[in-house]
Amino acid sequence: MNDYFVSIIIVSLNRKRELVKCLNSIHFQKFKNFEVILIDNNSTDLSSQFCKEKFPELRDKKTHKRRCFW
């Protein structure tokens, strides 16, 4: 038994197609003890809402203005 828990944090800005590919890849892996947190950096393409509908377990946070995280 594996006792690890992993948080996957994705920061995105207007990348709906790439997000869906990424989330599909994460979803279909063998390791299941994880959470996915999406930080939507004020996207205008509705990517956050689309991904939340497709992956209801997704935790999401939308920023109100574009921020630099590095």
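Start by selecting Cys22 and Cys51: the sulfur of Cys22 is 9.1 Å from its closest cysteine sulfur, the one in Cys51, too far for a bond. A disulfide here is a pair of cysteine sulfur atoms within 2.5 Å, and by this rule the count comes to zero disulfides. Color the two by accessibility next, where buried means under 20% relative accessible area, exposed over 50%, and partly exposed in between (1.4 Å probe, protein chains only). Cys22 is partly exposed, with a relative accessible area of 32%, while Cys51 counts as buried at 0%.

A word on what you have open: this is a predicted model, in which local features need pLDDT of at least 70 and side-chain atom pairs count only at pLDDT 80 or more, while totals for chains, interfaces and linings use all residues. Residues are numbered from 1 along each chain as its sequence is written, and side-chain values use heavy atoms, with hydrogens and water left out.

Helices (H or I, at least four residues) and strands (E, at least two) are DSSP runs, numbered from the N terminus.

Contact means heavy atoms within 4.5 Å.

An open sheet of three strands has the order S1-S2-S3, with parallel pairing; two strands pair if DSSP finds at least two bridges between them. Strand S1 (6–12) and S3 stand at the edges, each with a single partner strand, so one side of each is left without a neighbour in the sheet. From one strand to the next, the twist averages 15°.

Bring H1 back: this helix packs on the sheet, touching S1 and S2, and its direction makes about 170° with that of S1. Axes are lines fitted to C-alpha atoms, for helices over the stretch in contact, and angles run from 0 to 180 degrees between N-to-C directions.

For the last stop, zoom in on S2 and S3, which run parallel and are joined by four bridges. Select Leu38, whose bridge partner in S3 is Asp60, then Ile37, which stands opposite Arg59 in S3. Finally, trace the chain from S2 through H2 to S3: this β-α-β crossover is right-handed, meaning that, with the strands pointing away from the viewer, the path from the first strand over the helix to the second runs clockwise.
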